[in-house]
Amino acid sequence: MRGVVYDSFGPAEVLRVAEVPGPEIRPRDLLVHVKAAGINRADILQRTGAYGNQSFGESSLLGLELAGEVVGVGSEVDDVSIGERVMAIVGGGAYAEFARVDRDMALRLPDNVSFVEGAAIMESFVTAVEAVSHLAGVGHGRAVLIHGAAGGVGSACVQVAHALGAVVYATASASRLVDVGKVGAATVIDYGADDFESVVASLTDHRGVDAVIDFVGGDYLPRNLRSLRPGGTLVQVGLLSGQRDTSIPLNLLLHNYLRLVGTVMKSRGVDEKRAMVRRFSEGFLPLFVSGGLKPLVDRVFPLECAADAHRSVERGGGFGKVVLAVN
């Protein structure tokens with residue numbers, strides 16, 4: 001089968017399509033003919049060597065989420081049939097024509113969702129549900145600040161928080177303010193022109209928000225903590241700033257009894273990933289049928305143009321997910 005490979009860590013140019021061995025399924029697996037695969041920043045970090053030789057999955061191929069058609073089922077799978085449309089999270093291997101999928105990390109694709117749209121759902125919305133609902137405890141009437149709100153996961157966080165009945169404040173570039181507002185943000189702050197800490201203080205009459213979901217890190221961290229009400233929660237999902245080290249105002253953390261929680265899906269164990277998928281499936285998957293949640297696809301590239309897809313994500317400025325059309 002065809003798959004995207006690279007011979008050494010490096011820029012997007014190292015990616016190429018080659019013939020690779022097909023996956024062998026185990027008793028609780030599905031074999032999926034991949035139709036589309038989502039691009040995630042974790043893929044770029046892996047390509048550039050940020051994880052070194054660590055192995056977080058079952059395949060050395062890139063790709064953490066996919067949508068496609070089931071063409072094989074393991075001997076212990078009795079609730080999925082060949083020919084069904086699914087979307088899934090995988091431990092690597094989505095950038096290929098066929099992929100092995102753990103049955104418990106695959107969900108049936110709603111009839112009103114295309115393969116390309118399905119490839120933009122799982123990693124983004126499962127992560128969003130974990131951060132916004134499960135870890136931050138955002139609910140009706142709560143106020144939440146979401147950074148990086150135009151990105152694939154950030155825009156999913158906005159939608160999830162809005163669906164939960166929260167008041168959503170978000171940050172984005174000037175060109176994406178209207179887009180982010182349309183998916184559920186009550187106020188969108190231009191991070192390039194305005195100080196989000198001051199704006200949030202004004203919007204909340206200096207009470208602060210109940211939760212902050214951050215993908216930036218670095219010097220955002222103390223500003224995020226100062227933007228929280230007493231007892232509030234900061235969920236750190238990413239480090240787009242590239243700054244791994246920063247100062248923490250521990251006196252504020254203690255005095256206001258704040259919670260700082262880190263989360264990432266790639267390094268989670270299989271059982272934890274299954275639980276995350278289950279929480280998403282039970283509480284939020286039906287909203288894709290009703291229209292309460294919508295997959296957001298920014299750009300679509302063919303498998304042969306995986307390098308261009310990675311460059312698009314690295315440039316940023318889009319709205320939603322970048323997707324590879326595999327077939």
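**Cavity, helix and salt bridges**

Modeller: Five nonpolar, five polar and two charged residues line the largest cavity. Nonpolar covers Ala, Val, Leu, Ile, Met, Phe, Trp, Tyr, Cys and Pro; charged covers Asp, Glu, Lys and Arg; the others, Gly among them, are polar. The model is predicted: local features need pLDDT of at least 70 and side-chain atom pairs 80 or more, while totals for chains, interfaces and linings use all residues. Residues are numbered from 1 along each chain as its sequence is written, and side-chain values use heavy atoms, without hydrogens or water.

Biologist: Why is this space called a cavity?

Modeller: On a 1 Å grid over the protein atoms alone, a cavity is a set of points where a 1.4 Å probe fits but cannot get out. Its lining residues have an atom within 4 Å of a point. The volume is the space filled by probe spheres set on the points, which are joined across faces, edges and corners. The largest cavity holds about 40 Å³. A search of the whole structure finds one cavity of 30 Å³ or more.

Biologist: Which residues line the largest cavity?

Modeller: Among them are Ala120, Ser124, Phe125, Gly152, Ser155, Ala156 and Gln159. Lys294, Pro295, Leu296, Gly320 and Lys321 are also in the lining. Helix H3 (122–135) and helix H4 (152–163) each supply at least two residues. H4 gives the largest share, four residues. Helices are DSSP runs of H or I with at least four residues, and strands are runs of E with at least two, numbered from the N terminus.

Biologist: What makes H3 largely enclosed?

Modeller: Burial is the test: buried means under 20% relative accessible area, exposed over 50%, partly exposed in between (1.4 Å probe, protein chains only). Of the 14 residues of H3, 12 are buried, so the rest of the structure largely encloses this helix. The buried ones include Ser124 and Phe125. Those two also line the largest cavity. Just after H3, Gly137 has a positive phi of about 65 degrees.

Biologist: Why is the pair of Glu97 and Arg2 called a salt bridge?

Modeller: The rule asks for a side-chain nitrogen of Lys or Arg within 4 Å of a carboxyl oxygen of Asp or Glu. The closest N and O atoms of Glu97 and Arg2 are 3.3 Å apart, so the pair qualifies. Glu97 lies in the loop between strand E5 (85–89) and strand E6 (98–102), and Arg2 in strand E1 (residues 2–5), so the bridge ties together parts 95 residues apart in sequence. Glu97 has a relative accessible area of 16%, so it is buried. Arg2, at 22%, is partly exposed. By this rule the count comes to 23 salt bridges.

Biologist: How do you know that Asp205 and Arg207 are exposed?

Modeller: Asp205 has a relative accessible area of 56%. Arg207 has 57%. Exposed is therefore the word for both. Their side chains meet in a salt bridge, 3.9 Å from N to O.

Biologist: What does the salt bridge of Asp210 and Arg229 tie together?

Modeller: The closest N and O atoms of this pair are 2.4 Å apart. Asp210 is in strand E11 (residues 209–214) and Arg229 in strand E12, so parts 19 residues apart in sequence are tied together. Asp210 is buried at 16%, while Arg229 is partly exposed at 24%.

Biologist: What makes the phi of His206 worth a look?

Modeller: Most residues other than glycine have a negative phi. His206 is not a glycine, yet its phi is positive, about 65 degrees. His206 sits in the loop between helix H6 (196–203) and E11. With 68% relative accessible area, His206 is exposed. Tyr257 also has a positive phi, near 40 degrees. Tyr257 is in the loop between H8 and strand E13 (259–262). At 56% relative accessibility, Tyr257 counts as exposed.

Biologist: Is Ile248 buried, exposed or partly exposed?

Modeller: Ile248 has 37% relative accessibility, so it counts as partly exposed. Ile248 is found in the loop between strand E12 (228–236) and helix H8 (250–255).

Biologist: How do you know that Ala193 is exposed?

Modeller: Ala193 has 57% relative accessibility, so exposed is the word. Ala193 lies in the loop between strand E10 (187–190) and H6. From Ala193 to Ser173 is 20 residues in sequence and 8.9 Å in space, C-alpha to C-alpha.

Conventions. On a 1 Å grid over the protein atoms alone, a cavity is a set of points where a 1.4 Å probe fits but cannot get out, and a pocket is an open set with protein on both sides within 12 Å along at least five of seven lines; lining residues have an atom within 4 Å of a point.
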